[in-house]
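Come along, and keep the picture beside you as you read.

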Amino acid sequence: KKSWKLAWKVLTFVRQAGITHIYAREARLLFFIALYNFFFFRLPLLFAYEVHALLGRSSLDYLTDGFLTLFVGRYFFTTGQLQKIYSHKYRLKNGRSSVLPDAVDLSIFDLQLTKAEARKHIGWIEEDKIIGFCGRFKTLTMDKGIDDILQSLTFLPTDIKFVAIGGSDEDITEYAKKAESLSLGARANFLGSVSQRELAVY
């Protein structure tokens, strides 16, 4: 919502620091950076855009991504399918994009631990059905689906529980209050950041 303000601050810093390349993951922020630079700053910048999803929720989103094709020199996609769909939709020429999947060190998660042992270690009941979420609870203040999960829990059997790991103190407090307002009690649990080793147990 504040991308238009942040973009001006970014370009001011870029000019002062003599930066020549901008790598962005947020379409609206990059839109305003490119727009301001074209009309006001006129800096010789090279733009790269890491695409995680198609916007496509409205005609404005379509125009945003279409506008970016005029300025972005290099695109990076997290999946080949996303690259294919996006390139077709916005007519990206070959050579302007690459696929760079998100990575994880699988050896960290290769535990000699059964599900029952892991649940006992954490304090969960073996029979419970667990919906798990790992990562930040919000991106740029936008909910990432946790609110929908909490709403859905009210329609599901009581042996289905939800555990979210990786939230800030502020977000944990906010979602705990939402869970309480929905009378979910111990069915919804929110935890802060943990180490990858701890995460592996969860």
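Predicted model: local features only at pLDDT ≥ 70, side-chain atom pairs only at ≥ 80, totals over all residues.

Is Glu-50 buried or exposed? Glu-50 counts as buried, because its relative accessibility is 13% and the cut-off for buried is under 20%.

**Entry: around Glu-50**

I placed Glu-50 in strand S2. Then I looked up its polar partners. The side chain of Glu-50 is joined to that of Tyr-23 by a polar contact of 2.7 Å. With the side chain of His-52, Glu-50 makes a polar contact of 2.6 Å. I also asked what touches Glu-50 once neighbours within four places in sequence are left aside: Tyr-23, Ala-24, Arg-25 and Phe-76 are in contact with it. Phe-76 turned up again when I checked the pairing, as the bridge partner of Glu-50 in S3.

**Entry: from S2 to S4**

I followed the strands onward from there. S2 covers residues 46-51 and S3 covers residues 72-77, and the two pair in the parallel sense over five bridges. S3 also pairs with strand S4 (residues 97-99), again in the parallel sense, over three bridges. Here I found Phe-77 opposite Val-99 in S4. Between S3 and S4 the chain passes through helix H4 (residues 80-90), in a right-handed β-α-β crossover.

In the loop between H4 and S4 I came upon Arg-91. Its phi is near 55 degrees, a positive value in a residue other than glycine. Arg-91 is exposed, because its relative accessible area is 69% and exposed means over 50%.

**Entry: helix H2**

Next I turned to helix H2, residues 27-41, and listed its buried residues: Ala-27, Leu-29, Leu-30, Phe-31, Ile-33, Ala-34, Tyr-36, Asn-37 and Phe-41. What covers them? Helix H1 (3-17), strand S1 (21-24), S2, helix H3 (59-68) and S3 are included in the cover.

I then looked at both ends of H2. After H2 comes Arg-42, with a positive phi near 55 degrees. The charged end of Arg-42 sits over the ring of Phe-38, 4.7 Å from the centre of that ring.

Phe-38 made me curious about aromatic rings. A search of the whole structure gave me 23 aromatic pairs. One aromatic cluster contains Trp-8, Phe-31, Phe-32, Tyr-36, Phe-38, Phe-39, Phe-40, Phe-41, Phe-67 and Phe-71.

I also stopped at Ser-3, which lies in helix H1. Ser-3 is buried, with a relative accessible area of 13%. Not counting residues up to four places away in sequence, Ser-3 touches Glu-26, Arg-28, Leu-29 and Phe-32.

**Entry: strand S8**

How many of the six residues of strand S8 are buried? Six of the six residues in 160-165 are, so S8 is largely enclosed by the rest of the structure. I sorted the side chains by direction: Ile-160, Phe-162 and Ala-164 point one way, while Lys-161, Val-163 and Ile-165 point the other way, and all are buried.

Then I checked the partners of S8. S5 and S8 run parallel and are joined by six bridges. In that pairing, Cys-134 has Ile-165 as its bridge partner in S8. S8 and S9 also run parallel, joined by four bridges. There Ile-165 has Leu-191 as its bridge partner in S9. I noted that S8, H7 and S9 make a right-handed β-α-β unit.

**Entry: two loop residues**

Ser-183 lies in the loop between helix H7 (169-181) and strand S9 (188-191). Its phi is positive, about 60 degrees, although Ser-183 is not a glycine. At 66% relative accessibility, Ser-183 counts as exposed.

My last stop was Phe-137, in the loop between strand S5 (129-134) and strand S6 (138-139). Phe-137 is buried, with a relative accessible area of 1%.

Key
Residues numbered from 1 in each chain as written. Heavy atoms only, no water. Pairing = 2+ DSSP bridges. Right-handed = clockwise from strand over helix to strand, strands pointing away. Phe/Tyr/Trp six-rings, centres within 6.5 Å; stacked < 30°, edge-to-face > 60°. Lys NZ or Arg CZ within 6 Å of the ring centre and 35° of its normal. Buried < 20%, exposed > 50% of the residue type's maximum accessible area, 1.4 Å probe, protein only. Contact = heavy atoms within 4.5 Å. Polar contact = N/O pair within 3.5 Å; in protein donor to acceptor, adjacent residues only side chain to side chain.
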